[in-house]
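Dear colleague,

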Amino acid sequence: MPSVLILGFDPHAVPGMDGDAMRAVLDKELARFGEHAVDASMTLIAPDESAESTVVSALSGQDWDVVVIGGGIRKPEPLVTFFEQVVNLVRRHAPGAAIAFNTSGGDSVEAAKRWL
């Protein structure tokens, strides 16, 4: 069974976001992977000093076929340095994994399937 890791911001760590509502969307999307016979795991990170160790731990937990980096990390221009850090951590700690990008919390399955 292929394996996918989804990296995204913890919605409870993002000011102004309805963390509970967004977490429900993310959990629903994670469940969809099972419908496609894909073993998926999600790691939600805070944009702070704990991010690197959290990402490295998730990447090192197993061999991943695809790592999906969420739009919350990728899209806001002020976070470009953080985004670069995450991409480089994936390259370094999961070199065999394809890197995919979703457009929202609801299309991570499609993003991953492009590379499976």
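**Phe82 and its surroundings**

Leaving aside residues up to four places away in sequence, Phe82 touches Phe9, Ile45, Ala46, Pro47, Ala51 and Ile73, where contact means heavy atoms within 4.5 Å. The model is a predicted one, in which local features need pLDDT of at least 70, side-chain atom pairs count only at pLDDT 80 or more, and totals for chains, interfaces and linings use all residues. Residues are numbered from 1 along each chain as its sequence is written, and side-chain values use heavy atoms, with hydrogens and water left out.

Phe82 is found in helix H4; helices (H or I, at least four residues) and strands (E, at least two) are DSSP runs, numbered from the N terminus. With a relative accessibility of 12%, Phe82 counts as buried, a term that means under 20% relative accessible area, with exposed being over 50% and partly exposed in between (1.4 Å probe, protein chains only). The C-alpha atoms of Phe82 and Pro47 are separated by 7.8 Å, although these residues are 35 apart along the chain. Thr81 also has its place in helix H4, but Thr81 is exposed, at a relative accessible area of 58%. Between the C-alpha atoms of Thr81 and Lys113, 32 residues apart along the chain, the separation is 27 Å.

**The strands**

Strand E1 is mostly covered, with 7 of its 7 residues buried. In a regular strand the side chains alternate between the two faces of the sheet. Both faces of E1 are covered: one side has the buried residues Ser3, Leu5, Leu7 and Phe9, and the other has Val4, Ile6 and Gly8, likewise buried.

E1 pairs with E2 in the parallel sense over 7 bridges; two strands pair if DSSP finds at least two bridges between them. Within this pairing, Ala40 in E2 is the bridge partner of Val4. E1 and E3 also run parallel, joined by 4 bridges, and Leu5 has Val67 in E3 as its bridge partner. A further 4 bridges join E3 to strand E4 (residues 98-101), again in parallel, with Val66 standing opposite Ala98 in E4.

Strand E3 (residues 66-69) is covered on both faces, by burial of Val66 and Val68 on one side and of Val67 and Ile69 on the other.

Thr43 belongs to strand E2 and, at 13% relative accessibility, counts as buried. Residues up to four places away in sequence not being counted, Thr43 touches Leu5, Ile6, Leu7, Gly8, Thr54 and Ala58.

**Helix H2**

In helix H2 (residues 51-60), the buried residues are Ala51, Val55, Ala58 and Leu59. Seen down the axis of H2, these residues fall within an arc of 95°, so they line one face of the helix; the arc is that of the directions from the helix axis to the C-beta atoms. The buried residues of H2 pack against E1, E2, E3 and helix H4 (80-93). Ser53 and Ser57 are exposed, on the face of H2 turned away from its buried side.

**The largest pocket**

The largest pocket has a volume of about 320 Å³. On a 1 Å grid over the protein atoms alone, a pocket is an open set of points where a 1.4 Å probe fits, with protein on both sides within 12 Å along at least five of seven lines; lining residues have an atom within 4 Å of a point. Grid points are joined across faces, edges and corners, and the volume is the space filled by probe spheres set on the points.

Its lining comprises 20 residues, with Phe9, Met22, Leu26, Gly71 and Gly72 lying nearest the centre of the pocket. Strand E1 (3-9), helix H1 (19-35), strand E2 (39-45) and helix H3 (71-74) each supply at least two lining residues, and E1 gives the most, with 4. The lining divides into 10 nonpolar, 9 polar and 1 charged residues; Ala, Val, Leu, Ile, Met, Phe, Trp, Tyr, Cys and Pro count as nonpolar, Asp, Glu, Lys and Arg as charged, and the others, Gly among them, as polar.

**Two alanines**

Ala37 is found in the loop between H1 and E2. Most residues other than glycine have a negative phi. Ala37 has a positive phi of about 55° although it is not a glycine, and is partly exposed, with a relative accessible area of 43%. Ala24 lies in helix H1 and counts as partly exposed at 47% relative accessibility.

With kind regards
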